Each structure stands twice: as C-alpha cells, then as structure tokens.
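Here's a quick briefing to read alongside the model. Have the sequence and the 3D view open as you go through the points.

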Amino acid sequence: MNPIRVRSLLRQQDIVYRVPVTRWDEALPLGDGCFGGMAYQEGNAFIWTINHLDVYMAFNPKDHPIPVEFKGHYQRIVRQAWAAHRKPASPEAQLYARILYPSYYTSYGWLRKGAWMNVAGQLRIQTVHSPSDAIEFEQRLNLYEAAVETRCRWKEGELRLRSFVAKNHRTLVVEMTASRPGLLERLETHRTIVPSCAAPSSGMDGGDFWLSDSLKPVAPDAPESARIGYTLYARLLDEHGRPAPQGRMRRTERSVDLRFARETRRCTLLLTAALDEAGSSSKDAARRIIVASHQQGTRALRKDHGQTWRAFWNQSQIELADKFLERLWYVNLYALACCDGTGMRFKSQATGLNGLWDVKNSSAWGSCWYWDVNIQQAYWGCYTANHLEMTQPFYDGLREYVPAARRWAVEFYRMRGIAGDYPYTFYHCIWPWCCQFLWWGYRYSMDEKFLRETAYPIMREVLQFFEDFLRRDSKGRFFAFPTVSPEQGPLGKNATILLACLRYLLEAGIEANHRLKADPQERATWQRLLRSLSPLPIGRSIEFGETILDSEWASPTLYLAHPSLLMPIYPAGCIGPDSPGRLQKIARNTLRYVENREAISTHNYGWLSAAAARLGLGDEASRILYEKGVAYTVRTNGLLAEETERWIDNCAVLSGPVYLPSMPEASGALLGAVNEMLLQSRDGKVRVFPAVPSQWPFARFEKLLAEGAWEVSAEYRHGKTRWVKITGRAGGKCRLTVNGRTFDVGLQPGEVRQFSFGGKSVQGARSRKFEPNPPCYVAPSKRRVFLGKTADTEYLRRLDDFLYNSNLGDMVIPRATKYKFDFGPAAALKKDYAAVIPQQVFNFDKAGSNKIGADFYRIHSGSLYSELRRFGWKNSRGLQAADRRRPDALRRDFVGGRGRAVFCVELPRGAYQLLFLMGDAAAPTQIGIQVRNQFRWETRRPLRAGEFAVKTFGVQQENDGVLEVHFASGGGHTWKLNSLLINRIS
C-alpha cells in the first residue's frame, strides 16, 4: 500500500506541444477560479487571452421575467397541453415548443448571431523571429505547477516563457528569459470590442499601463447607473524586480503597445483585471492588486502558487491502465478548478457555460447559467474527486436566484415556495435537480451546519412548491402536469427526470428534517407524497423492448436532445446494482435506447457513460465515453468542445460565424463518469471498483470521497480489488462492498482502517518513464485523437481530416477521395500505407455492406500524362526521384527538381480539395505551387531537412477537363512532392 508519488504522477499528465500552436482552440488553460485565460501562439506572437468571470458575465441577469407569451396564461397552456395529447398525430403532441412558442414554427426561420460576452482583453508578446522558424520548440501545460512553460530556440538564441495565474493573488505572472538581447520585440495589450463597450480609455506611467472601459447593458433603456467599470492593468518589471520603463510606447483607446528595450534579456509582467468597487474605481482596484503582488515579489508569488496547487493535487489521485483516460481526468479536473467560480462577485453565474475558455468572441450561446444540464454537469466530478471546495460557487450561485424563484412561484403559479421550473417555464426538474447538489454537499461532508444553514432551507421551499403543484389522479397517485423534459418531448405529464429528481429530494428532505429535528408535520406531508408519487413511466418498442419513457406521454422511440430519462439511474440512483432484475433489464434497454436515439453533444456522453457504470457495465461505460465523446469533442489540449475538425454541433448550423470554446459541462461529466467506474456511493453502500472495464488489468485511486464522508483508497489488479484503505472523516458505520461482498465497517471520526484481499501493491510495476509521444485514441471512423502535439501528430491529423468522416450534428459527411498519388522512384517498392493512414471504408448501410476506398497510384519521374492514363507529368524534363527510406511510407520518397514542372490530372467539373505533402528527410526543400486562376502558394522559408509541410487548397473545375498543377523551386533549393490527395466536395 505504498503511497502514490504525486509529483511524478502529475508530471506524466502534462500536455506537451513540440510544434508551435497556431490555433486558438488548442490554447492551454490558466486560472484561479475566477480570473485567467488561455495561452497559445499565433504568427510571431505568444498570446494570452485574458478573462475574468465577473467581467465576462457582467450583465447576465439573475432575475428572469415571466415570458410575455406565458404571463397570465397558465390555465390556457394547461388546456392546450391536454388538447394536444388527445390528438396523438398532431405535431404538438410530441414537441412542447409547438405549444409554448407557436410563432417559432410559423415564421420563416430565425436569426442567431451568437452571444457577445465581455472578454477582458488580450496580451501579446511579439518576438523578433517567428516561433514557426524555431529549431526547437516546446510548450507545456505543467499541471503540478499550474503553469504554461514555453521554450523556443532559434539559431540566434533561445527564449523561455513561464506564465501562471498566481493563486490567491489574482495576478497573471509572465516570466521572460532570453539567452541574448534582441529576441523580444514588443508587448501589446488590447481590449475586445463588444456591444457593451461604453467609454474605452488607456494610460501608462513608467512601467505601468492599463486599459479601462465602462460596460453598459445592451438594453437601450438601461439607466446610466447600471454601467460597470473594469480595468486591465499591467506592470513590467526588470530582472531585479523593479518597474521597468521600456522603449517607445504607443496607445489608443483600446490598446497599449510597448517596445522592449534593445538590451532586455530578463523581465516579468504582472497583469490583472478588476471591476469598480465601493468608493474606488476599477483602475485603482486593479492597481492595488498589482502593487500588492509586486511587493510580495515574483519568487514569493511562485512559491505560494505552487504550494496551493500541490495541496490541491494531494487531495486525491487516480492511476489507470488506460493512460489516455487518466490524462483526461487530470487535465479536466485542473481546468474546472481554474474556472469553477471561486471568488466571483456576481455569484449567480458560477462557472457559466464556457468558463474562462472563450478565446475569440462571439461564442455560440453566451455563457449564462444554463439550468437544464449544462451547469449541473460541470460540478458532477467534484464530489467523488474529493474537491468539495470547488462546489461552493454552485451553492452561492443557486442562492442568488432564490428571491426571483419565489416571485415566479407566486406571480405565475399562485403557489408557495420556490418554483421548480425557474427560470425555464415548465422545466420543473430544475430546482429538484439542483437540490441534489445541496444534499450531496451534506452527504459528502456530513457538515450539519451546511445542512441547516444552506441546504435544508432551499430544499424545504422547493418541496413546498411541489406540495401545491402536484395533483392526484383517480388512483390517488400524485402526478406532475404540465411539465416537460428539457428541450424535448411533449408538454405533458410526469416527465421522468422530474419524477426521479423529486423522489430523490423527498427522501433527502425527510432525512434532513429528521436529522435537524425540524417540523414533523412537514415530514409527514413529504412522506405521504413519496408513498403516493407516480411510478416511472414505462413503454415498449419493437427495437428496444421495455424502456423508461422520457415522460408519460412521450413516444417510446422519441429522438432525444438530452438523455434526461437516465436520471433514475444516474445521478439520482433510483435504479442501481441491487434493483430487481426486471428494473435492471429495463434500465439496460433504456441505456441502449438513449445511445441510439440521442444527439451527439458535449452534455450527453458523460451522462450515458456514468449511467452504464452505475449499472456495473464497465466495458459499456468506457466504450461510450470514447466513441460518443472523445472521438468527437476532445481537442489536443485535453479540453472538450462543440466544434473540432471531427464534429460540429448540430445546433451551431443555426448560428452565424461564431467561435465555439471548450465546455466545463463536458469536463465535469467526464470526471463524473470515470469516478463512477472507480467508486460509487449513491445507495447507502460504498462500492469499490464497481465498473472497471475488462481491458483494464490495473487501476488505483487514493483519497476519493464517498457519501458519508468516507475517504477511500484502493487498488485493483487482474479482475480483483487487492486492498482498500478507508478513513472516516465523520465516523459512523460504513457499508463497504468489495469484490461482490458487503460488510459493515465502524469507525470513529478520523480513524483509518486497511483491508487486504490478497496480493501486494504494484507500486514498482507502475513506475514508468514519461512517454514523449502524445497519447492517441483511434476512433471507429479511423480518425486519430491526440493529447499534445508533435510534427508527426500534426501531419497525421491533417491526413485524417482530409480522408476520414466528419459529422455535422448526427449527419456523417464522408470524404470522397477520388485520387491518392504517391510520388517516388520508379523501382517497385512494397509499402505499408496502413501504418500511416488506415484504409478508407465507406459504409453504405447498417447491414455492413462496405466499400473499400481507392489505393495509391505510384507516380515516378517518368510517369507522363496521356489521354488514356488521364494523369501524370506534362513532361519529365529535370525531374528527379529519391527514396530516403524514412520516416514513413508517404514521406520517405518524393519526386522533385529545380525549375518548373506541371502535373496533370483529368477531373470532371465540380469543386475539389487538394492536399499536398512536401519535404525531404535528408535535405532542404523550397517549393511553390500554383493552379492558375485558382491559388498560388510558396513556402515562406526553406523547409529544413526532416521538416514536412501539409497544405490543403480548394479548386473549382468549371468544365470537364485537365487540371494542371504547377510546381517551382526557389532559393537555390529543389522542390519536392511526396504525395497529392484529391477529394471531390461537390
């Protein structure tokens, strides 16, 4: 039972880029819970997008008015719902929105332009030489230190950058070290332009400079007093830690540009963002933060920051045989900690929909608190991961909405308590679902003060509302009507997600009332509601058999935007491993139904996977997590988003040109699913390794947390739990289930017990060196998903993007690669192309009737075009071919030359994409490519030996005929072409 070496383990989880980052969506996250951003590289600049949750979500309301179309019309909507149910064939019967928003379906389409949020600004550090020209490059997200570290080496010298958001100090620290003067060129900060900008200004004083703005609500009738001022403030320090006036400065209202002094070799930048405070402007507030950080000193900031994060990582750890999933767990736990909402002034938004990861405005949806799954999932993983401190912003945010939800209950329903559906009319699962987190807050901590002061008062008022809202049917059962399942199904009766959440809340409320010795009459009322609450609606279909219905009136094959009907399995836990056989069979059928009838989305697959794990289906849980999530949503930085080169969310097709940032909801759902495979405690038992996938020979965790405040460590090896250590934070009796056997363990507060079930710890066997190549997952579509970047992985990603299916929503878009040309010597050479790119297979039906994609055509220097052959060189003058026998089947050989050449290929009229692979493992390459009247491109500098370029261009073939591609050399180097691929796109 040797302890995990945390520092060594965390070092193996770093995200490492060994080629410059040239895409904003691969940026690396930094944050302290409320302030931070994303670090990346673009052109000649290293960039940090600066975000502050209070600035970002300054005007997201916490008081939603009753929609005009609903106000005073509650009884009319009730009548419409009953009428629609009586006409099963009507469109309204299975889609609630046709009743609630009829104009949406009668007008011609709708407009969505994206949502402008208030991204605080951007920091750019410009270098004399482009990072793309570097001989060596490495950028690392150092998880253990919570820092982004960059090393860039040119022939002329080396630059090192280290940036972190100092925990507890709300300051971005960027340390710059150059091996010689003259590598740093200039530093720039600028403000993102959004509609709420009111009075931008800038200023500088010695080594200090700032950007200020007065943000105003977009509503035209908003009073002047509603404006919020904020400032982005920075101070540049020299190598001795003193404010460092530099060379020429230029400023506008929206930017400050500072040129580094020629002799600069070492310097540090301190930067923060702040809002107006009582009796103090945002500029003064920001300056105080920077002055305090400066007085603390960079070394002390770094030390305090490191100690805080080391304490964070010491709270819990996991080790899995699946290293890809292990790394995702750590990266996403880190990302959530960076943006969980800790320290926010406007607590009503907590982490929001996009956290701090909105790099380029505008985002698709905005980032306000979405109540129907998005905000809840962001916090799923915190409890079992033993990070209860990360859940506090959720409770603080929820309380901000209580007054408005009370008014909603009175004004719309004429009922008591907190309206269960606030702020989304008829989504009555919202507040009971949120109350699950309040109860978890108590159950995982056993903190009676939290229960008494925070959880129970809200739980009680939500239950008061349902005392008034629920109605009795002819059998005496309480039912909910009218209500909906989030974003799908009819406006009808007994949505499953509501019944499961409400049953959970009633049980929790009864126990809380008993523990707190509260009003026994209320407890009796809730017991009566629980005894007579309608059962879960069950339906049957030919395809799936008996399944849980999304609601009592929903079709058994309803297409699902959300997996809401999984709520009884997870997270509510009404159905679990000890449920009767019929219920478990229904649950498994339901899981299959949801998997086959739901939309691809960042909020779906984690829920599906967690539900599978809850049923003990470890293989299914792992497969779903990969095939429904990782395959589509993971970016190279380990975060998860609604748009990658593999997939774009089907909702986004309705949006204008917007940028889709990573989503905290997906991070929390992934953590929740992995946690559920390792440790479960939803049903009064603490289950150790309840759903380990069969392909995992090994798993281990330390200090995960179970309900009852039981801190558990355990190891699994070859199908059996080998040992368990349990600490009773609050003491009491724990029902522990290990290897299928359940037994009781009694502990005093703080007491530790260890149990051995055969076998020793495999600490030595787990020790391994850090693998330099990024971990890779190969999706069923044959696309590869990497965590981190090298030149090789970027090359493979570009090939995959060109050759393999992508998804627009749930619609598969196959790549029809008409030609694959491989250039090299004439001598016959057997190649294993599949080692580089798996064979294309086109699926034409579900019965498995597949077609194999075209093979490569071998092109040598003497392969001339003819009308019979239809492709080849226009002439062979000056062409040469060589085979370097490395690094792989496509890059090892080439055809090239000095001067010019033309390659011809006959193509019918239409639109095409052309992918060119160029380079030489042993010598430099300089190449220009042109298709006349279509495009012209050339390398900006010679490609070094061993460096390869992959470029894609579009062409339009107006008529049937020959497309001529012209190649030219330059700079005294030869041009070289390894491969040419052609896709027809229309």
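Predicted model: local features only at pLDDT ≥ 70, side-chain atom pairs only at ≥ 80, totals over all residues.

**Helix 17 against helix 19**

- Helix 17 covers residues 605-614 and helix 19 covers residues 664-678; the two pack with their axes 8 Å apart, at an angle of about 10°.
- Angles under 35 degrees count as roughly parallel, so that's the label helix 17 gets relative to helix 19.
- On the helix 17 side, the contact is made by Tyr 605, Gly 606, Ser 609, Ala 610, Ala 613 and Arg 614.
- Helix 19 brings Ala 666, Ala 669, Ala 673, Glu 676 and Met 677 to the contact.

- You'll find Arg 682 in the loop between strand 25 (679-680) and strand 26 (685-688).
- Arg 682 has a relative accessibility of 11%, and since buried means under 20%, Arg 682 counts as buried.
- Its side chain makes a polar contact with the side chain of Tyr 444, at 2.9 Å.
- A polar atom of the Arg 682 side chain also lies 3.3 Å from the backbone oxygen of Pro 571.
- Setting aside neighbours within four places in sequence, Arg 682 is in contact with Trp 440, Tyr 444, Tyr 570, Pro 571, Arg 614 and Glu 707.

**Aromatic pairs**

- The count of aromatic pairs comes to 71, and two of them are picked out here.
- Tyr 74 and Phe 412 form an edge-to-face pair, 5.5 Å centre to centre with 70° between the planes.
- Tyr 74 sits in helix 3 (residues 74-85) and Phe 412 in helix 11 (residues 402-413), so this pair ties together parts that are 338 residues apart in sequence.
- Tyr 74 counts as buried at 12% relative accessibility, and Phe 412 is buried too, with a relative accessible area of 5%.
- Tyr 819 and Phe 871 have ring centres 6.1 Å apart and planes at 65°, so that pair is edge-to-face.
- Tyr 819 belongs to strand 37 (residues 816-823) and Phe 871 to strand 41 (residues 871-873), so to speak a link between distant parts of the chain, 52 residues apart.
- Both Tyr 819 and Phe 871 are buried.

Notes. Residues numbered from 1 in each chain as written. Heavy atoms only, no water. Axes fitted to C-alpha atoms, helices over the stretch in contact; angles between N-to-C directions. Helix = DSSP H or I, 4+ residues; strand = E, 2+ residues; numbered from the N terminus. Parallel < 35°, antiparallel > 145°, perpendicular 65-115°, else oblique. Contact = heavy atoms within 4.5 Å. Buried < 20%, exposed > 50% of the residue type's maximum accessible area, 1.4 Å probe, protein only. Polar contact = N/O pair within 3.5 Å; in protein donor to acceptor, adjacent residues only side chain to side chain. Phe/Tyr/Trp six-rings, centres within 6.5 Å; stacked < 30°, edge-to-face > 60°.
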